[in-house]
Amino acid sequence: MDKNRKIYIAGHKGMVGSAVWRALSQLGYSNLIGKSSKDLDLRNQAQVTEFFEQERPEVVINAAAKVGGILANSEHPYLFLMENLQIQNNLIDGAHHHDVKKFIFLGSSCIYPKMAPQPLKEDYLLTGSLEPTNEWYAIAKIAGVKACEAIRKQFHKDFVSLMPTNLYGPHDNFDLRSSHVLPAMLRKFHDAKQNNEPVELWGSGTPMRELLHVDDMAKAVVYALEHVLPEHLYNVGTGKDVTIKELAHTIQNIVGHQGTIQWDSSKPDGTPRKLMDVSKLNNQGWKAEIDLQTGIKMTYDWFLQNQDTIKTNILS
Ligand SMILES: NC(=O)c1ccc[n+]([C@@H]2O[C@H](COP(=O)([O-])OP(=O)(O)OC[C@H]3O[C@@H](n4cnc5c(N)ncnc54)[C@H](OP(=O)(O)O)[C@@H]3O)[C@@H](O)[C@H]2O)c1
């Protein structure tokens with residue numbers, strides 16, 4: 001891959017987009033472009049078309065999306081469905097009509113049916129009902145996967161979709177009303193340690209989750225950028241999972257919280273298990289490298305160093 005190719009990273013200030021930007025810069029890619037949502041609102045088709053006309057990127061990495069946890073998704077179903085559809089439709093169609101050579105679409109493991117066999121294979125897409133708490137977001141993402149597949153099929157273009165498992169790392173969202181499980185726990189244990197209090201966590205603690213450090217995710221994006229992958233859809237994860245209880249104890253130890261943990265079983269658990277089968281991308285040559293303990297330590301260090309600037313409520 002020519003390191004001077006013009007690469008547009010949509011959502012370059014987000015957790016994934018900024019990790020991809022760091023990874024590409026470190027590898028010597030010198031023609032990266034990014035626009036904040038203030039300068040380019042990707043929900044607005046006219047603005048996106050004008051951007052493609054002016055900038056003419058050769059590669060597009062779509063790391064822009066409206067992202068949130070269970071609570072945010074269940075309280076704002078229309079927003080998660082419609083904004084994600086608008087953002088990805090404008091990017092995919094704009095790229096298609098402006099001769100983009102390669103498009104990398106990022107979805108999420110929540111596109112797979114709630115009760116699909118584990119580990120989740122790419123083939124299980126659209127074989128059953130979705131987890132109701134985030135089906136709005138999932139349906140938008142499925143539409144994005146299908147749009148890229150259709151472009152591949154009909155126009156033979158290199159549009160590929162990567163489905164990351166739960167991600168964590170620098171620039172994550174630590175706001176308790178809209179964050180995912182790992183950053184929410186990190187924040188709760190940190191605050192409880194400062195205030196010498198117990199920690200209250202949602203659900204029963206029995207669901208299992210797979211967690212991937214965002215720098216490993218960025219390497220998967222780089223891999224997809226530098227290789228022509230033979231299929232349209234690839235899972236990205238570690239292939240290993242832990243219970244929410246194990247995760248809580250690991251975070252508690254890393255943060256150094258000494259108090260008790262109270263489980264509020266009146267709150268929803270979400271999907272019982274969500275482990276990805278990552279053999280397809282592993283067989284192509286990409287593998288996760290950062291273990292959970294190391295990744296959480298790195299994230300907590302980043303959190304401590306960036307407390308003044310960490311993300312607050314994305315829905316405000
Ligand atoms: N986080 C996870 O655990 C996870 C797991 C699986 C998949 N993913 C996928 O990875 C991708 C990136 O997620 P992330 O965690 O990096 O999210 P994030 O930190 O919330 O970043 C999202 C980015 O999207 C941009 N954006 C949102 N609405 C926009 C709009 N209307 N116009 C322009 N830009 C807009 C934001 O730009 P501004 O900052 O400029 O507003 C932000 O930089 C998403 O597709 C997500 O589905 C994430």
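## A first look around the model

Just after helix H1, Gly28 takes a positive phi of about 95°. Keep in mind that this is a predicted model.

Let's stay with H1 for a moment. This helix covers residues 15-26 and lies across strands E1, E2, E3 and E4, running at about 155° to E1. Its twelve residues reach 17 Å from the first C-alpha to the last, close to the 16 Å expected at 1.5 Å a residue. Among its buried residues are Met15, Val16, Val20 and Leu24. The buried residues of H1 pack against E1, E2, E3 and E4, and also against strand E6 (166-168) and helix H7 (214-226).

Now for the sheet. Six strands form an open sheet, in the order E2-E1-E3-E4-E5-E10, with parallel pairing. Strands E2 (32-33) and E10 (233-236) stand at the edges with a single partner strand each, so one side of each has no neighbour in the sheet. Further in, five bridges join E4 (residues 102-106) to E5 (residues 158-164), and Lys102 has Asp158 as its bridge partner in E5.

On to the rings: the structure holds seven aromatic pairs. Here are two of them.

| Pair | Centre to centre | Between planes | Type |
|---|---|---|---|
| Tyr8 and Phe51 | 4.4 Å | 55° | tilted |
| Phe174 and Phe303 | 4.9 Å | 55° | tilted |

Tyr8 sits in E1 and Phe51 in helix H2 (residues 45-55), so their pair ties together parts 43 residues apart in sequence. Tyr8 is buried at 0% relative accessibility, and Phe51 is buried at 6%. Phe174 and Phe303 also belong to a cluster, linked by ring pairs with Tyr300 and Trp302.

Notes
Residues numbered from 1 in each chain as written. Predicted model: local features only at pLDDT ≥ 70, side-chain atom pairs only at ≥ 80, totals over all residues. Heavy atoms only, no water. Pairing = 2+ DSSP bridges. Helix = DSSP H or I, 4+ residues; strand = E, 2+ residues; numbered from the N terminus. Contact = heavy atoms within 4.5 Å. Axes fitted to C-alpha atoms, helices over the stretch in contact; angles between N-to-C directions. Expected span 1.5 Å × (residues − 1). Buried < 20%, exposed > 50% of the residue type's maximum accessible area, 1.4 Å probe, protein only. Phe/Tyr/Trp six-rings, centres within 6.5 Å; stacked < 30°, edge-to-face > 60°.
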